[in-house]
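Visitor: Could you take me closely through one part of this model, the open sheet and what lies against it? I would welcome a connected account.

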Amino acid sequence: MSIKLIYEQSQQNGRLAVMDNDEVIEVEFFDQRRAHEGNIYLGRILKKIELVNGKSGYFLDIGDTRDAFINAEEPELEDLVATEGQSVVVQVSQEQRAEKGARLTRALQFVGENLVYCPYRMDVEVSAKISDRLRAENLAVLVEENTTGQEGWIVRTSAAEAENKQIVDEMHALRDQFDAVLEEVRQVKSPALLKARNSCLEEAFLRYRKSLQKIVLNNHNLEEKYKGKTEVEYCTYPFKEYGVDEVLENALQKEVRLKNGGRINIEETRACVAIDVDSGEDNGRGSLGRLNIEAAFEIAKQIRLRNLSGKIVIDFAGVSDYKYLKTAIEILEQELRKDYIKSTVYGLSRGGNVEIIRARRRPPLSDVLTEECSSCQGTGRVER
């Protein structure tokens, strides 16, 4: 990988593009006023609602444009006698999307460079991606030896290359962040933001630092911050200069043309994302196999670029038989493993479709850049 981070900032808004070998693979928009995933709030309980199967949940006011929701079945809520008007410390686990407010959790996490601090857990979990198992075991022992009281830790992959002192120092720093949140709770009234997550630029820098080649910025203050850490370039309009605006425009289209013929149609609905691979006039079995393989690469790219999430259903071209789609399915799995947001490919359904579940963490690109038409409610149909 050869990663470039392209970042534009305007007042409280930022937008980030991640490029790999000069191709845009991810885009994220950041508005400091929104309830982003990872933000910690002192929320106020508005009302309790009954769900199916005898379960229940709560709507909370966290100061976002829509009421947020938390499931009452969370272990952290079991001992909480929640009442209307009560203040609760919560963290955003899923951002607001379409007509749904943010999802919340009481299981707070404080994310560092090498560790994740979980103050309400009581275990140490080590990333399975650390290939040196001896180092993984030593890290687990190191963290356990420096654990105090009731707390949990997740050891990230990057910890494998960190010094032991760096790990211990980070444990202290993350505990300090939690203490600062608790101190803030005593000084504010709900709803209130207690701790904002890192900016999308900072998180991408940490995520891709091993393969990062350059950061392109339009902000001199940020330029000074990242100088010495990697190559930094200043550009007044980096999205335009690097062709990101054109990529965004294309990513809002429902149809994607494949290089060697055929096309992909992407339809985002409230229930799922439906993707259809159309062969056009070429119906030869050999050609369909090549078409589906090309489509698999492109679909994985579009899922990541458009931030499609939840249930994704793919109807490949031709006969829906596993022996003809095996290679395409394997390519989907291979390409989606490159994505930092987890996806699970469930293979072929009885109806002949390939099903994927991708974790929903941020709203899709279409929700960020467009809004539903007030006249047709998003159907796009007119009277004959």
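Guide: Asp276 has Asp315 of E19 as its bridge partner, in a model that is predicted. That pair belongs to the place where strand E18 (residues 273-278) meets strand E19 (residues 310-315), two strands that run parallel and are joined by four bridges. Both strands are part of an open sheet of six, whose order reads E16-E17-E18-E19-E21-E20 and whose pairing is mixed. At the edges stand strand E16 (255-257) and strand E20 (343-348), and because each has a single partner strand, one side of each is left without a neighbour in the sheet. From one strand to the next, the twist averages 20 degrees. Helix H8, which spans residues 322-336, lies across E19, E20 and strand E21 (354-358), and its direction makes an angle of about 180 degrees with that of E20.

For a view of how two helices pack in this model, one can turn to helix H1 (residues 133-145) and helix H2 (residues 164-185), which pack at an angle of about 40 degrees with their axes 11 Å apart. The two helices are therefore oblique to each other, and the crossing in which H1 passes H2 is right-handed. On the H1 side the contact is made by Arg135, Leu139, Leu142 and Val143, while H2 contributes Asn164, Ile167, Val168 and Met171.

Methods. Residues numbered from 1 in each chain as written. Predicted model: local features only at pLDDT ≥ 70, side-chain atom pairs only at ≥ 80, totals over all residues. Heavy atoms only, no water. Axes fitted to C-alpha atoms, helices over the stretch in contact; angles between N-to-C directions. Parallel < 35°, antiparallel > 145°, perpendicular 65-115°, else oblique. Left-handed = near helix turned anticlockwise from the far one by under 90°. Contact = heavy atoms within 4.5 Å. Pairing = 2+ DSSP bridges.
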